[in-house]
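Good morning, and thank you for the time on today's agenda.

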Amino acid sequence: MKLTISHLRASVEGKEILHGVDMVIKSGEVHAVMGPNGSGKSTLASVLLGHPAYTVGTKGKKIASAILLDKKNILPLATEDRATAGLFLAFQSPIAIPGVTVMNLLRASYELRHAAKHPKKTEPVQNPVLARRFQVGSMPIGDFMNMVKAHAKTLRLSEDLLNRGIHDGFSGGERKKIEMLQALVLPHEFAVFDEIDTGLDVDALRAVSKGISVLRKKGVGVLIITHYQRILRYVKPDVVHILVAGNVVDTGDYTLAKKIETKGYGAYLS
Ligand SMILES: Nc1ncnc2c1ncn2[C@@H]1O[C@H](COP(=O)(O)OP(=O)(O)OP(=O)(O)O)[C@@H](O)[C@H]1O
Ligand SMILES: [Mg+2]
């Protein structure tokens with residue numbers, strides 16, 4: 001599959017932030033977007049996920065903006081429908097829901113995704129109440145929980161966190177890991193992470209990087225927005241894009257990230 005970002009112009013409050021961004025991410029590729037503060041990186045992530053505060057401007061422009069999953073333009077779709085189409089949506093500023101455990105949230109999300117993917121496949125069951133209790137999508141609940149626990153282990157997330165209210169008193173690092181846990185548990189073709197590496201200690205960084213590698217191996221296309229080459233040491237990106245003032249000003253392999261780390265963005269700013 002292919003995620004194509006084509007001539008993406010986006011405005012917020014009447015001000016154009018992205019001036020025609022192009023990017024093509026294929027299944028199993030990891031792309032990194034780097035750029036100075038305020039260059040439009042988070043805007044790009046928000047627009048990909050369909051945040052309602054941003055308008056994608058094609059008005060009066062010759063080339064229309066598009067976000068394509070293979071040939072399907074997902075730009076007109078609402079956030080939930082983009083998720084169904086195969087884009088992973090991380091909670092950017094995750095809200096705490098004290099009564100809902102991480103495991104329950106994962107289970108509910110997984111079931112929604114599964115139901116959306118297989119709308120006609122709901123098999124008639126003898127006892128729907130029992131079936132609901134013992135099945136998650138098409139998986140027995142035990143298998144589902146084991147799958148979640150295995151991913152949690154990869155991320156070095158302690159199991160008791162899974163039974164706590166989602167983000168309720170979670171540390172910064174724990175929140176990032178939960179974000180990655182969702183990406184690992186819920187099926188999707190492409191995932192976007194905005195600064196998933198910020199504020200992580202060395203071990204957490206390594207664990208979250210491992211999550212990205214697992215996604216890559218599964219054939220998921222990953223877009224990571226980052227300020228640091230640090231995370232790119234553990235996950236070598238296939239492509240690095242430099243975003244400055246709403247334009248992609250350079251594209252290269254991982255060595256470009258190294259260059260930025262030593263030389264900064266000066267060369268692009270003048
Ligand atoms: N709601 C808004 N109203 C007005 N301006 C906004 C709004 N949201 C974003 N912007 C502006 O858009 C520009 C790009 O912001 P964005 O958050 O995308 O940058 P960024 O590259 O993610 O920066 P950082 O590295 O600091 O996270 C900034 O100048 C910001 O002030
Ligand atoms: Mg940002």
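This is a predicted model: local features need pLDDT of at least 70, side-chain atom pairs count only at pLDDT 80 or more; totals for chains, interfaces and linings use all residues.

The chain contains 10 helices and 15 strands. Its C-alpha trace extends over about 65 × 45 × 30 Å along the principal axes.

Let me move to the ligand. Which residues are the closest to ligand 1? They are Asn37, Gly38, Lys41, Ser42 and Thr43, within a shell of 13 residues. Two elements, β2 (15–26) and α1 (41–48), each give two or more residues to this shell. The largest contribution is that of α1, with three residues. Sorted by class, the shell around ligand 1 comprises seven polar, three charged and three nonpolar residues.

I now come to the helix packing. In general, a pair of packed helices is described by two quantities, the angle between the axes and the distance between them.

The pair to consider at the outset is α6, residues 172–185, with α7, residues 202–217. Their axes come within 10 Å and cross at roughly 15 degrees. Because angles under 35 degrees count as roughly parallel, α6 is described as roughly parallel to α7. The crossing of these two helices is left-handed. On the α6 side, the contact is formed by Gly173, Lys176, Lys177, Met180, Ala183 and Leu184. On the α7 side, the residues are Ala204, Ala207, Val208, Gly211, Val214 and Leu215. In this contact of α6 with α7, eight residues are nonpolar, two are polar and two are charged.

Helix α6 also packs with α5, residues 141–154. How does this second pair cross? Here the axes lie 10 Å apart, at an angle of about 135 degrees, which means that α5 is oblique to α6. The crossing of α5 and α6 is right-handed. Met147, Val148, His151 and Ala152 of α5 meet Leu181, Leu184 and Val185 of α6. This contact of α5 with α6 has six nonpolar residues, one polar residue and no charged residue.

Thank you for your attention.

Technical notes. Residues are numbered from 1 along each chain as its sequence is written. Chains are lettered from A and ligands numbered from 1 in the order in which they are written. A residue is near a molecule or strand if its C-beta atom, placed from the backbone, lies within 6 Å of it. Helices (H or I, at least four residues) and strands (E, at least two) are DSSP runs, numbered from the N terminus. Ala, Val, Leu, Ile, Met, Phe, Trp, Tyr, Cys and Pro count as nonpolar, Asp, Glu, Lys and Arg as charged, and the others, Gly among them, as polar. Axes are lines fitted to C-alpha atoms, for helices over the stretch in contact, and angles run from 0 to 180 degrees between N-to-C directions. Angles under 35 degrees count as roughly parallel, over 145 as roughly antiparallel, 65 to 115 as roughly perpendicular and the rest as oblique. A crossing is left-handed if the near helix is turned anticlockwise from the far one by less than a right angle, and right-handed if clockwise. Two residues are in contact if their C-beta atoms, placed from the backbone, lie within 7 Å.
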